[in-house]
Amino acid sequence: MKLYCLSGHPTLPCNVLKFKSTTIMLDCGLDTTSVLNFLPLPLVHSPRLSKLPGWVSKDGTLNLEKELKECAGRVFVDSQPEFCLPEKELLDLSTIDVILISNYHCMMALPYITEHTGFTGTVYATEPTLQIGRLLMEELVNFMERVPKAQSATCWKNKEIQRMLPGPLKDAVEVWTWKRCYSMQEVNSALSKVQLVGYSQKVELFGAVQVSPLSSGYSLGSSNWIIQSHYEKVSYVSGSSLLTTHPQPMDQSSLKNSDVLILTGLTQMPTANPDGMLGEFCSNLAMTIRAGGNVLVPCYSSGVIYDLLECLYQFIESANLGTTPFYFISPVANSSLEFSQIFAEWLCHNKQSKVYLPEPPFPHAELIQTNKLKHYPSIHGDFSSEFRQPCVVFTGHPSLRFGDVVHFMELWGKSSLNTIIFTEPDFSYLDALAPYQPLAMKCVYCPIDTRLNFHQVSKLLKEVQPLHVVCPEQYTQPPLTQSHRSDLMLELQPPPMPYRRCSVLNLPFRRCYERVYILPELANSLVPSEIKPGVSLATVSAVLHSKDNKHTLQTSMVFPLLLPPSKKRKRVMEEPPVVLAPKPLLSGAVPLDAFLATLQKHGITEVKVEETADGHILHLQAEDTLIQLEEDGTHIVCDNNEPLRTTLRDLVLRFLQKL
Amino acid sequence: MPEIKVTPLGAGQDVGRSCILVSIGGKNIMLDCGMHMGFNDDRRFPDFSYITQNGRLTEFLDCVIISHFHLDHCGALPFMSEMVGYDGPIYMTHPTKAICPILLEDFRKITVDKKGETNFFTSQMIKDCMKKVVPLNLHQTVQVDDELEIKAYYAGHVLGAAMVHIKVGSESVVYTGDYNMTPDRHLGAAWIDKCRPDMLISESTYATTIRDSKRCRERDFLKKVHESIERGGKVLIPVFALGRAQELCILLETFWERMNLKAPIYFSTGLTEKANHYYKLFITWTNQKIRKTFVQRNMFEFKHIKPFDRSYADNPGPMVVFATPGMLHAGQSLQIFKKWAGNEKNMVIMPGYCVQGTIGHKILNGQRKLEMEGRATLDVKLQVEYMSFSAHADAKGIMQLIRMAEPRNMLLVHGEAAKMEFLKGKIEQEFSIDCYMPANGETTTVTTNPSVPVDISLNLLKREMALGGPLPDPKKPRAMHGTLIMKENSLKLVSSEQALKELGLNEHQLRFTCRVQLQDPHSDNDTLHRIYTHLKSVLKGYTIQHLPDGTVMVESIVIKVSSSAEDANTKVLLLSWIYESVYRSLRVWQPPTLDIFLR
């Protein structure tokens with residue numbers, strides 16, 4: 001069993017597991033941090049951005065002013081933003097049988113994998129994962145396509161040139177594999193390969209392996225996966241949460257007894273407490289509004305935003321924000337809000353019971369109904385006429401490189417009354433803000449990451465007791481910036497097996513058994529004999545059928561009968577297999593006295609017994625035959641007398657066990 | 001031999017009060033727990049004393065499964081759990097769990113508050129009963145205990161309707177509840193995978209009907225409603241608040257929109273608004289089209305359909321009213337019916353099945369004079385139309401489901417005896433499987449023949465698979481020999497050698513030696529070589545080797561030659577072999593039993 005690691009990003013994993021003749025891709029994360037190297041895509045012409053100076057190396061030898069722009073000492077690529085894809089060269093991606101998706105954030109690279117690699121398999125995901133994943137992809141495509149950029153910068157990617165560039169561009173990895181965003185057509189085609197599954201549904205893969213999603217508690221429909229055969233079990237834990245937010249709680253007990261547990265998607269903010277962050281978010285928001293400023297919240301269109309809105313729902317009245325407009329702007333804002341209300345089965349208990357009343361599970365329905373929260377597909381159209389300040393705007397993309405958020409940055413960045421509050425943990429806020437510097441607007445960083453922290457995960461692992469743990473190498477050492485914090489890493493016995501991008505791990509597995517089914521007819525014909533108390537043996541000689549990785553044993557060839565009668569397939573009687581006569585093994589020893597008595601009964605009376613080092617030699621004088629009896633063998637020396645030999649053989653066999 | 005037993009306590013050769021007991025692999029399961037609309041006495045509920053004469057049912061049942069929220073499938077649940085006594089798990093889907101208590105409460109109100117019956121379950125009992133409910137998701141495998149697992153499939157009959165697959169070891173039963181094999185305007189079609197259950201328990205409401213295309217039926221319905229409205233008549237459509245009501249509402253709503261009609265459509269209030277809300281929140285349980293477009297337009301937000309007030313019934317002019325309940329046996333639909341029955345311009349359309357004993361059933365059978373409570377009679381002058389809109393599988397659909405699931409046995413419930421008989425014949429003929437149709441209280445027993453799962457050592461399996469020939473063909477059957485070790489609860493199949501090793505037994509070798517004398521003047525070596533060449537020419541297809549240590553081996557028989565001490569020309573041939581270790585090629589296909597090799 002092998003694990004191929006195609007992504008080095010611990011929370012946006014992409015691994016391939018080879019297990020019992022199946023090739024399973026675990027998640028398909030797209031590393032979008034690469035877009036931070038690019039210039040923002042403004043929705044309306046931005047004089048500031050267009051006036052940025054081009055970059056020329058200090059000695060003037062390197063002139064890339066068309067491709068690279070300088071802003072506040074940092075260099076950005078002026079081109080449509082590109083993403084860092086999972087590794088495509090490590091193994092032939094067309095051999096992948098299935099892709100298991102754990103949550104909607106971990107499927108964004110799907111079109112790159114399913115569309116241009118010869119992939120012919122199936123993708124498994126839960127319904128909320130598919131629907132919300134589709135929304136996020138749609139949004140991404142929309143963000144890119146509505147502000148097309150003619151220019152595609154490539155010169156800077158030249159290895160020789162890249163070496164000369166200032167950081168962080170200089171250190172960006174595998175830039176030549178970076179790709180532009182996919183098209184909606186590719187998204188649709190990729191998602192048409194998704195087959196929906198429910199929690200605890202058992203899905204058979206080719207009869208060899210069973211996979212099953214478990215609730216992971218992180219987002220709507222998010223799942224961990226169990227990949228198992230009858231004898232081996234691999235757990236894939238990705239983006240799990242033990243906090244009580246909106247999704248169904250995490251199913252921990254089903255992870256027990258794993259041979260291998262692959263651990264990804266831990267919190268990216270191990271030192272930030274989500275509850276504390278939420279409180280800070282609210283108080284900063286209220287403070288800014290009271291001072292007459294606007295609040296900008298760059299966020300994804302699904303996920304934490306539901307919790308933020310729920311929190312605000314309770315907070316608005318008490319903070320006297322009843323008249324402040326809240327705007328949610330995204331091409332998929334409406335869909336996201338609507339979809340969140342229809343997945344009762346996937347929600348926590350509290351929200352489920354609301355649906356029974358029947359009431360919408362999320363209170364944002366009421367915020368919309370009372371006009372406190374308004375949603376718009378973009379800043380164009382209705383929004384521009386209804387827009388009132390001061391207000392709170394939720395909009396994407398959290399990288400601040402594209403989407404409507406770019407417009408608000410340009411609009412509000414110059415005033416210190418306004419505040420931008422970062423809640424998504426995926427991007428470093430300083431990097432995100434870099435192309436907007438110098439900035440007057442206040443910045444508040446309260447990243448809310450509900451995924452497992454190191455304390456929770458070590459407790460979890462203690463409970464579920466996997467034999468081996470595999471995890472990204474980042475989890476095996478403290479974060480670079482906090483190297484003294486040994487509590488911010490995984491410490492396990494045996495130590496976890498770390499992986500990095502392009503690692504190929506041999507998982508420590510020894511398969512010993514396989515399941516075979518004995519058909520009733522054969523089962524009834526078996527004759528067990530008790531060897532020791534509680535242990536019986538039966539010799540099985542049968543015909544083995546292996547079909548779709550299922551093995552059955554039966555007494556004779558009945559499979560023409562198994563064919564459905566309706567099928568008019570002419571099947572020639574198959575050539576029976578060349579059967580290797582089994583070698584019945586004998587076991588036990590022949591007791592001298594009992595054997596002599598038996599011989600006597602069969603009319604062999606003249607026996608001379610001679611003791612030897614290892615046993616006895618019996619000389620049957622009348623028959624001129626020797627029988628050598630030893631602990632682990634019997635030797636019959638008998639000349640041309642077939643009847644006698646047969647009799648003696650049968651008498652000896654009476655005392656032995658046949659296997 | 002393991003057996004599966006099925007006993008209907010209700011719905012055996014009958015429609016109403018569905019309640020079926022199944023015993024499988026030592027587990028007892030109750031499928032549905034419904035009431036009968038046609039009775040007002042004890043016969044209303046299933047006879048639970050069949051399970052036990054005295055006391056609670058908890059220790060006799062491992063679980064209860066409710067297929068959908070119709071009262072003939074869940075109406076007796078609080079009575080069973082709270083009044084007879086059952087504390088085990090009750091499984092149902094989320095929508096059923098949401099809607100079922102509302103219908104139960106409604107049923108209770110009609111029975112207790114309106115009819116004044118006592119000794120009936122209370123509101124509190126409904127709440128306590130619902131606390132025992134464990135929600136089921138579609139396709140989720142739920143482990144009831146270590147051995148019993150259940151899995152729900154989409155049934156399409158009403159919102160949240162499910163079929164269940166019940167499995168213990170390798171034995172299994174599928175119960176369909178009520179289902180529909182054709183998608184309609186708001187629900188999808190039932191689906192199940194090829195799970196090959198030992199028994200398929202199917203409803204058979206429309207056992208003999210093969211319904212015409214849905215489009216024709218809808219056109220017919222709309223035409224009748226339209227005509228009636230045109231001539232100024234009032235149309236009453238008795239429905240149950242959830243289910244067909246939404247289907248017909250969608251139908252009329254789109255028709256009104258298209259034809260730009262102005263006549264009012266009303267929906268009797270109370271349940272209905274709430275009902276539509278359930279449909280909005282459980283939109284994932286509706287059909288593909290509605291799910292796809294719900295963000296743009298939610299099909300359950302009706303523009304033309306308004307809530308009904310009691311006083312509207314006397315308003316002049318045409319109108320269409322949906323009123324509950326569906327079989328005209330009580331409540332608002334009956335009140336309106338009484339008001340409108342005298343006018344031949346009016347029309348009542350019965351869109352679903354009516355149980356015997358209800359007014360719906362009577363007028364459908366052509367009765368024109370009805371005896372009402374208090375000896376009054378009611379002349380029925382209005383037009384009575386029947387349109388089958390209830391979403392049950394018809395004969396074609398039932399056969400289709402059998403083809404999907406490939407059961408080994410079939411059992412029919414929830415239908416009329418005569419119709420079942422017909423379908424039973426058809427099933428037995430077409431699928432060559434046994435089909436049963438027990439009456440209430442009658443037990444059907446089928447023996448199952450489960451295969452035995454065994455752990456085979458991978459070494460043995462690989463060895464046997466490799467022997468299939470130079471190119472292993474996975475489809476070809478192969479002979480295999482091994483030893484089955486039965487220890488406590490484990491069954492392990494290993495090679496004989498491994499069995500010896502694992503059990504700490506020693507191998508006992510049985511050898512035979514036989515001396516043959518012959519006259520040959522050549523040297524020992526030459527004699528041996530001549531024997532070698534001779535055997536080689538005689539025994540084709542065997543492995544014969546001349547080994548450098550002065551032996552010839554035919555397969556595993558060892559031949560040695562030595563000269564006798566007295567006479568160099570007399571050679572002694574020593575033939576030595578281990579107990580039956582000769583390879584044989586079996587060209588005849590028959591079970592390779594030990595006998596052949598012991599000869």
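Before going on, note that the model is predicted, so local features need pLDDT of at least 70 and side-chain atom pairs count only at pLDDT 80 or more, while totals for chains, interfaces and linings use all residues. Residues are numbered from 1 along each chain as its sequence is written, chains are lettered from A and ligands numbered from 1 in the order in which they are written, and side-chain values use heavy atoms, with hydrogens and water left out.

Now for the charged pairs. Side chains of opposite charge can pair when their charged atoms come close. Here a salt bridge is a side-chain nitrogen of Lys or Arg within 4 Å of a carboxyl oxygen of Asp or Glu, and over all chains the structure holds 47 of them. One of these joins A:Glu473 to A:Arg500, with the closest N and O atoms 3.2 Å apart. The pair links distant parts of the chain, 27 residues apart: A:Glu473 is in the loop between β20 (468–472) and β21 (497–499) of chain A, and A:Arg500 is in the loop between β21 and β22 (504–506). Strands such as these are DSSP runs (E, at least two residues), and helices are runs of H or I with at least four, numbered from the N terminus.

Let's move to chain B. There B:Arg56 and B:Asp87 meet in a salt bridge of 2.8 Å, N to O. B:Arg56 lies in the loop between β3 (27–31) and β4 (63–65), and B:Asp87 in the loop between α2 (77–85) and β5 (90–93), so the pair ties together parts of chain B that are 31 residues apart in sequence. B:Arg56 is partly exposed at 44% relative accessibility, and B:Asp87 is partly exposed at 43%.

Another salt bridge connects B:Lys369 with B:Asp379, whose closest N and O atoms are 2.6 Å apart. Because B:Lys369 lies in strand β17 (residues 369–371) and B:Asp379 in strand β18 (residues 377–379) of chain B, the pair ties together parts that are ten residues apart in sequence. B:Lys369 counts as exposed at 54% relative accessibility, whereas B:Asp379 is partly exposed at 36%.

Salt bridges can also share partners: in chain A, they join A:Lys20, A:Glu232, A:Arg511 and A:Glu514 into one network.

Methods: Buried < 20%, exposed > 50% of the residue type's maximum accessible area, 1.4 Å probe, protein only.
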